[in-house]
Structure formats: structure tokens, C-alpha cells
Amino acid sequence: MVTHDFHQFELRPMSGPASRDKGMALFPRRIGGQYVMIGRQDRENIFLIRSDDLTHWGEGEKLAGPRYPWELIQIGNCGAPIELEQGWLLLTHGVGAMRKYCIGAMLLDRQDPSRVLGRSQVPLLSPSDAGREGYVPNVVYTCGALVHGEHLFVPFGIADSSIGFATIRVDDLLASLV
């Protein structure tokens, strides 16, 4: 949907190979004159996708794949990247053994987000024993976060049955990425 005044809206469908998938997240500003998006085109890896016009999204380039046990089966994004002085903070989800969904993070270069500067070796959030049962068991998931002062504030779903909130100092989070 496109609007200039939030009173009238125009529907413009997306096109191109990347438009077929869900789980896409737009960077909040253009980079190098292009719109940039994170997506998971193959249901396993995270891709960086670029567009000149916001409507046509090509194949993209593979940014990262599963590396650690907590993300053994697949990884994906958890909302739009957050711009920091140090780079783009991208929250990720990983699916490991027993379809356990955890939340991690990556730091991407601010000028060239195709460069991964660091990523979570272990998850930031995992399902706890108390929150393991629910409509979708063994899952914690977020659709975004925000930075407030020195902290990252992360609302997250637990087993599709309840919600939780987590905070971490941004500096501590960045220091944990390898």
C-alpha cells in the first residue's frame, strides 16, 4: 500500500522472485541509493535483497546460513534492522533440534549490509521450561525491537500463548557477537 497523506491508499503489488516469500523486512532507509530488504527466499538462509523502486524485488544474495547448533535447521530475520553507529543490528530467529525457536542477533556493516560483522554464537533468548508449552510449543519469537537509551527492548512471543519482554544493554549485546 502506498500513501502520501494516510487518508487515501493505493495498492501496488510487489513483483519479482523475492516477493513470493513472507518474512521480509525493509531497512528503514535507502542504502547506496537503493531500497534494501532482508528475506528468507529458500526457507533456510537469510538473504539481502535490493530494489530501485520498492515494488520489484530480485533474487538477492545469501547473507548468512545456519552455523551454530541453535540454528541448525534454518535462520530468519525478526523484524527490520535497527541502525546503530556501529552498524545495522538484525535480530534473527534460529530453529534447532526439536524445532526449538530461539532469538539471536547479527551486526551488519552500516554502509555495506552484505558484510556480516558479527553474530550470536549462542541465542539471546530461548524457550524456558515454564514457557515451553503452548499453542506452538518450544518457541520464542519477536517481530522487532527498539533501542531506548543504552538498552535494546525486545517484546517476544512465548509458544504463541503469552508474551514477554527482555532488555539488554546494546554495548553488551554487540560485545557478545563473534
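Analyst: Let us begin with a single side chain in this predicted model. F6 has a relative accessible area of 67%, and because the cut-off for an exposed residue is over 50%, F6 is classed as exposed.

User: How many aromatic pairs does the structure hold?

Analyst: The structure holds three aromatic pairs. One of them joins F6 to F9: the ring centres are 6.4 Å apart and the planes stand at 75°, so this pair is edge-to-face. F9 counts as partly exposed, at 46% relative accessibility.

User: What describes a pair of aromatic rings in general?

Analyst: Two quantities do: the distance of the centres and the angle of the planes. For F153 and F165 the distance is 5.6 Å centre to centre and the angle is 20°, and the pair is stacked. F153 belongs to strand β12 and F165 to strand β13, so the contact ties together parts that are twelve residues apart in sequence. F153 is partly exposed at 31% relative accessibility, while F165, at 53%, counts as exposed.

User: Which residues of strand β12 lie on the covered face, and which on the uncovered one?

Analyst: The general idea comes first. In a regular strand, side chains alternate between the two faces of the sheet. Strand β12 spans residues 151-158. L152, V154, F156 and I158 make up the covered face, whereas H151, F153, P155 and G157 make up the uncovered one. F153, of the stacked pair, is thus found on the uncovered face.

User: Which strands pair with β12, and in what sense?

Analyst: Strand β13 (residues 162-169) runs antiparallel to β12 and is joined to it by eight bridges. In this pairing, H151 has R169 as its bridge partner. Strand β11 (residues 146-148) is also antiparallel to β12, with three bridges, and L146 stands opposite F153. Strand β10 (residues 140-141) pairs with β12 in the antiparallel sense over two bridges; here Y141 is partnered with G157.

User: Where do positive phi values occur in the hairpins of β12?

Analyst: In the hairpin of β11 and β12, two residues lie between the strands, and G149 in the turn has a positive phi of about 65°. The hairpin of β12 and β13 has three residues between its strands, and there A159 takes a positive phi near 55°.

Technical notes:
Residues numbered from 1 in each chain as written. Predicted model: local features only at pLDDT ≥ 70, side-chain atom pairs only at ≥ 80, totals over all residues. Heavy atoms only, no water. Buried < 20%, exposed > 50% of the residue type's maximum accessible area, 1.4 Å probe, protein only. Helix = DSSP H or I, 4+ residues; strand = E, 2+ residues; numbered from the N terminus. Pairing = 2+ DSSP bridges. Phe/Tyr/Trp six-rings, centres within 6.5 Å; stacked < 30°, edge-to-face > 60°.
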